[in-house]
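This briefing is intended to be read alongside the sequence and the three-dimensional structure. Please keep both in view while following the points below.

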Amino acid sequence: MRIAWYARRLATMSAGEIAGRCGDAVRKRAWRKRRVRDARADPLEVPRDGIAFERGFGPPVGMAGKVGDVGMAGDVGNAGDVGRSDAAKALIEAAESVLAGRWTALGCTWEGLGPDPDWFLDPGRGRRADDEACAFDIDIRHARDGARPKHAWELSRQGHLTVLASAYHLTGDVRYAERIAAQLTSWWTRNPFLTGMQWTSGIEIGLRLIAWVWIRRLLDGWEGCRELFEGNRLFLQQFHHHQEYLATFPSRGSSANNHALAEAAGLLVASSALPCFDASAGWRAAAAVTLRRELPRQTLASGVNAELATEYQGFVLEVALVSGLEGEAAGESLGEEFWTATRALCDGLAALVDIRGEPPRQGDADDAFALLVDAPSFHRWASLLATGRALFGACAWWPATPPADLRTALLARLASAPTLSASRPECRPQVFEDAGLCILRSSLPSGAEVWCRGDFGPHGLPTTYGHAHADALALEFRVDGVDVLVDPGTFAYQGEPAWRDYFRSTRGHNTLELAGQDQSVSGGEFLWTTPAVTTLIALEPAEAGALRGWTARHDGYARLIPPAIHQRTVRLEGGVLTIDDGVESTGRHACRLCFHLGPQVECRLEGARAVLHWTSSGAAWTAELALPEVLAWRAVKGEVDPPLGWYSPSFGVRVPSTTLVGAGHAGAGPLLRTRLTITPAAAAGPQV
């Protein structure tokens, strides 16, 4: 299996990438002799004098002040003060939980996080990752210790410490600073250079550097700050090792997705904020080159991230904001093309979100943050739009997003974005043709928004398409921000293959499966070898320039015998959604048509008719789903062998939810028509 995977992976690489990876292998052999087993005996010489941290934030602002004293542009009336006040209270609650030794992420809770936590624990499984082997010998794809890599890495991203640092800057409470100092000292001691799991991934190293710089910035007013950082040999050695690693072993070629951006961002932020090494200027320049190249390459003209995984759009936008503003503050501007791409990501996000400010759930999502200085429960998307508003101004069509976070104020305090010459959309886009995304919107008589996302685009970012799902022609449908037909999410990466396969499968999305196969052919957990190619056939306009529907097809089943093409037409008129599925083939194939209901939706299925119920804002809603009668329908909830009927609200969390599955055969013959009709809330019947 490993040999087959390596063969498939090799096929995605160019000759230049293969040569670069061979060079990396040679360099790793040379680096082995530099491995450190005891951090306190690290022989690396570091500067002792003349070290100055750039752009500290000075004394704490104090809760008695106005949270707005953190400093921010673009407030929306008094809502800004109220929103940030709520954000401050949530932050302090989160910081107190960390002091009590508790941190929750990825569906797990770390308990007993005192001054010296276990940095290698996967708390969900109670297993520890390797903390002794040379990092170059640890195979994260086939770990023998049973710990899931992402969970074993999570605590070392140190988001819980940036939360403490933000709380210190807000309150001046030294308990937060002292716990940070103890845990950072623990990490620097227990993770010597090139030893253990925390040295196996460049993106982890890059995100740690961002965390350390911002912790130092936010602790600037604490009397022990300089001793912990600039005056600390242990820190300076780790700081140098992290940057040298990133400069030497960048993500290459087919791996140069969001990882390349996060690694370069960490390198630029670190070498700009504390340029205390002879190599600092060179590291900063190299990181800037990567960011200037990669962000525009990974941003489509429509303002959608090229990986076509919505949560990664948020992560990449955070990376761009953190690195871009650090560069501006350091006099290393990343240039107009970089900033135009950053602004486009903001405009794209503003165009995609629904009435509650939530974007689509397309593709992978792993809850990653580039910089966490709010409570983890903060509204990430409102925060990003607030930052975009502060830096670039909002287009007239942007949804209202009063500031409700602290991060926007802190980022805007660091620097300003440059003035850009490129134009912006004059009205809210509905079609993102280069991304193959379409947002249909309508309003009910009550004023409630009906929102429908359609997918008729490319499979993701070539050549591995690592964060894509087999979801061609899939859709999501929301009423007043409530998921009615839902994209089930992601749930897992490594270590849980059955669940990873399910959540990115065709049957795990609101689309048609043929012959029991996914539309695209998987080559591994983050690899697709044969992606379905989707073609937009037509867009159906409505009055006043709005869009009413679309028709598209994909060739993912052209490999079947006989070949088959799936074509879908989607139309939204008021509260009625119509879906027509057709299969072009000289024969017939077994098929399954799946509709995944949101976790708030209850369902009563009678033959080919389903009645749906949910509540929203205190009102009861109902809808009727008329399903194709030529298929045999059943309602599935929480099946595990194989998985079906699940929803993942966040990474590592899954809850049972209803999936309607219609089984039968499709080929030459009539269309499979599905019609969903919303009943206005005022006329809704009682809950089932």
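This is a predicted model: local features need pLDDT of at least 70, side-chain atom pairs count only at pLDDT 80 or more; totals for chains, interfaces and linings use all residues.

Which residues in H6 meet Arg208, Trp212 and Ile215 in H7? They are Ile180, Leu184, Trp187 and Trp188.

**Helices H6 and H7**

- The axes of helix H6 (residues 174–190) and helix H7 (residues 202–218) come within 13 Å, crossing at roughly 145 degrees.
- This crossing of H6 and H7 is left-handed.
- The contact of H6 with H7 comprises six nonpolar residues and one charged residue, with no polar ones.

- The buried residues of H11 include Trp283, Arg284, Ala287, Ala288, Leu291 and Glu294.
- In an α-helix, residues three or four places apart point the same way, because there are 3.6 residues a turn.
- Among the elements that cover the buried residues of H11 are helix H9 (233–248), helix H10 (258–273), helix H12 (310–330) and helix H13 (335–352).

**The open sheet E5 to E9**

- Five strands form an open sheet in the order E5-E6-E7-E8-E9, with antiparallel pairing.
- Strand E5 (431–432) and strand E9 (482–485) are the edge strands, each pairing on one side only.
- Strand E7 (residues 449–455) runs antiparallel to strand E8 (residues 475–479), and five bridges join them.
- Within this pair, Cys452 is placed opposite Phe477 in E8.
- Helix H13 packs on the sheet, where it touches E5, strand E6 (437–443) and E7. The direction of H13 makes about 45 degrees with that of E6.
- H13 is also among the helices covering the buried residues of H11.

**Strand E14 and its partners**

- Strand E14 (residues 547–554) is largely enclosed by the rest of the structure, because six of its eight residues are buried.
- Strand E13 (residues 534–541) pairs with E14 in the antiparallel sense over seven bridges, and Glu540 stands opposite Gly549 in E14.
- The hairpin of E13 and E14 has five residues between the strands, and Ala544 in this hairpin takes a positive phi near 60 degrees.
- E14 also pairs with strand E15 (residues 564–573), in the antiparallel sense and over six bridges; here Arg553 stands opposite Gln567 in E15.

Note on methods: Residues are numbered from 1 along each chain as its sequence is written. Side-chain values use heavy atoms; hydrogens and water are left out. Buried means under 20% relative accessible area, exposed over 50%, partly exposed in between (1.4 Å probe, protein chains only). Helices (H or I, at least four residues) and strands (E, at least two) are DSSP runs, numbered from the N terminus. Contact means heavy atoms within 4.5 Å. Two strands pair if DSSP finds at least two bridges between them. Axes are lines fitted to C-alpha atoms, for helices over the stretch in contact, and angles run from 0 to 180 degrees between N-to-C directions. A crossing is left-handed if the near helix is turned anticlockwise from the far one by less than a right angle, and right-handed if clockwise. Ala, Val, Leu, Ile, Met, Phe, Trp, Tyr, Cys and Pro count as nonpolar, Asp, Glu, Lys and Arg as charged, and the others, Gly among them, as polar.
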